[in-house]
Amino acid sequence: MVSTNYAPEHAGIGPYATQIAEHWAELGHETHVLAGMPHYPSWSLEPEYKGALRRTERRAGVTVHRRAHTVPARQTAVKRALFEGSILLHGAAAPPRMGRPDAVMAQMPSLAGGILAARLAAKWKVPFIPVVQDLMGAAAAQSGISGGDKAAVLAGRAEAYALKRAALVGVIHETFTDRVVGMGVDPGRIRLVPNWSHVPQPKRPRGETRRHLGWAPGQTVVLHSGNMGLKQGLEVLVGAARLDPAVRFVLMGDGSQRAALEALSSDVPNLDIIPPAADGEFPDILAAADVLAVTQHAAVLDMSVPSKLTSYFQAGRPVVASVAAEGGTAQEVERSGAGVLVPPEDPEALLKAVRVLAEDPAGADALGAAGPRHVAAHLSREAGLARIDALIDEALGGPQL
């Protein structure tokens with residue numbers, strides 16, 4: 001597997017790459033991962049990796065080959081290009097030392113990772129199977145990153161280069177399919193492989209966790225967890241917090257926009273920005289909130305479906321999605337039955353939805369309860385990993401879906 005993000009990273013695509021690789025190792029397969037240095041979502045190197053140029057590790061039966069790369073604290077098109085370029089150059093100059101594998105899988109949105117994986121598969125003459133987690137060309141155009149228009153063209157070309165060389169292409173959501181076809185991929189080679197809920201169900205009583213966090217019993221708490229980047233448009237939560245000091249808003253996580261959000265909310269006493277939770281505490285903190293928020297800029301349509309949604313659904317709390325109604329994120333929330341949609345970038349609409357849920361606790365609980373049912377029916381880890389196994393088997397000439 002080629003995946004820039006991997007354990008110990010606990011947000012974004014890292015947990016999915018890790019669980020797939022560890023699943024292969026548990027099945028007895030010799031499993032190798034070409035990865036970057038841990039840096040996400042804080043966009044700063046983990047302390048124990050600072051100064052490391054290359055490192056090989058054994059993690060849960062998986063051999064992880066790490067290569068150093070740039071880590072831009074601030075996201076611009078140029079800095080993102082340097083980040084991808086450094087991954088590509090170092091990975092090409094120092095590929096993993098290993099025997100010929102049966103197949104090569106790539107976790108994309110890493111453009112460099114996709115190109116590296118395609119080239120390694122061609123060198124070894126084995127099937128190349130990318131899984132599209134995000135579309136970077138569309139992301140550059142839709143996220144608001146500085147210089148995004150020019151970057152979108154280059155990113156789209158890099159994506160097309162990799163995807164057209166694939167035996168099969170996995171996409172995590174059906175809204176990605178048209179763009180992948182538009183890059184020249186035969187629709188008959190595209191397979192839907194949705195992500196799964198990679199966190200366990202909460203265990204501690206909600207009241208106990210709320211006391212630990214300092215959340216008053218009668219206070220409405222709106223929690224956003226995950227990456228604080230450009231595409232999330234988290235300013236909408238700051239705006240909603242300004243409108244009602246009685247509602248507590250909590251942003252838990254890290255990312256390139258954290259400092260800007262801290263500055264923007266410095267005079268908003270009912271908004272807290274806290275570090276990412278430890279893995280063992282994460283499900284309980286999600287479940288302790290009254291409302292879980294997912295936000296995106298209005299322009300974000302078909303380039304990303306937040307991985308946080310699978311964790312939100314598992315937590316059993318209602319979701320308020322401030323996203324474009326025609327996008328993949330909105331489709332997932334509606335499909336789950338566990339949340340409500342509000343127009344993106346509209347603090348008043350978001351706050352109104354939160355108040356409606358707060359005034360109807362039984363209705364909010366019923367809405368939230370739909371999440372775990374949706375996970376059990378469609379988003380279990382077992383089902384997700386089985387879909388990945390089926391994708392690999394088919395690429396190797398085995399049973400077809």
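Start with K164, in the loop between α5 (148–163) and β6 (169–171); helices (H or I, at least four residues) and strands (E, at least two) are DSSP runs numbered from the N terminus. Before you click further: this is a predicted model, where local features need pLDDT of at least 70 and side-chain atom pairs count only at pLDDT 80 or more, while totals for chains, interfaces and linings use all residues. Residues are numbered from 1 along each chain as its sequence is written, and side-chain values use heavy atoms, with hydrogens and water left out.

K164 is partly exposed, with a relative accessible area of 45% (buried is under 20%, exposed over 50%, partly exposed in between, with a 1.4 Å probe and protein chains only). Show its contacts (heavy atoms within 4.5 Å): leaving out residues up to four places away in sequence, K164 touches M183, G184, V185 and R189. Draw a distance from K164 to R189: they sit 25 residues apart along the chain, and their C-alpha atoms are separated by 9.9 Å.

Next, select H198, in the loop between β7 (190–192) and α7 (206–213). Buried or exposed? H198 is buried, at a relative accessible area of 13%. Not counting residues up to four places away in sequence, H198 touches H10, P15, Y16, Q19, T310, S311 and R381.

Now show helix α1 (residues 14–26) with helix α15 (residues 381–395): they pack at an angle of about 70°, their axes 11 Å apart. Axes here are lines fitted to C-alpha atoms, for helices over the stretch in contact, and angles run from 0 to 180 degrees between N-to-C directions. α1 and α15 are therefore roughly perpendicular to each other (that label covers 65 to 115 degrees). At the contact, Q19, I20, H23 and W24 in α1 meet R381, L385, I388, D389 and I392 in α15.

From there, go to M105. Leaving aside neighbours within four places in sequence, M105 is in contact with M1, V2, W24, I129, V131, I388, L391 and I392. Along with Y6, M105 touches the most other members of the largest nonpolar core, which has 85 residues; such a core is a set of buried Ala, Val, Leu, Ile, Met, Phe, Trp, Tyr and Cys residues joined through side-chain atoms within 4.5 Å. Helix α3 (residues 111–124) gives the most to this core, with 7 residues. Apart from it lies another core, of 27 residues, among them V236, A241, F249 and A349.

Strand β3 (residues 62–67) is the next selection: 6 of its 6 residues are buried, so β3 is largely enclosed by the rest of the structure. In a regular strand the side chains alternate between the two faces of the sheet. Here V62, V64 and R66 on one side and T63, H65 and R67 on the other are all buried. Strand β1 (residues 32–35) runs parallel to β3, joined by 4 bridges (two strands pair if DSSP finds at least two bridges between them), and L34 stands opposite H65. Strand β2 (residues 54–59) runs antiparallel to β3, with 6 bridges. β2 and β3 form a hairpin with 2 residues between them, and A60 in the turn has a positive phi of about 50°.

Last stop: the open sheet of 6 strands in the order β10-β9-β8-β11-β12-β13, with parallel pairing. β10 (271–274) and β13 (339–342) stand at the edges, each with a single partner strand, so one side of each is left without a neighbour in the sheet.

Definitions and conventions: Angles under 35 degrees count as roughly parallel, over 145 as roughly antiparallel, 65 to 115 as roughly perpendicular and the rest as oblique.
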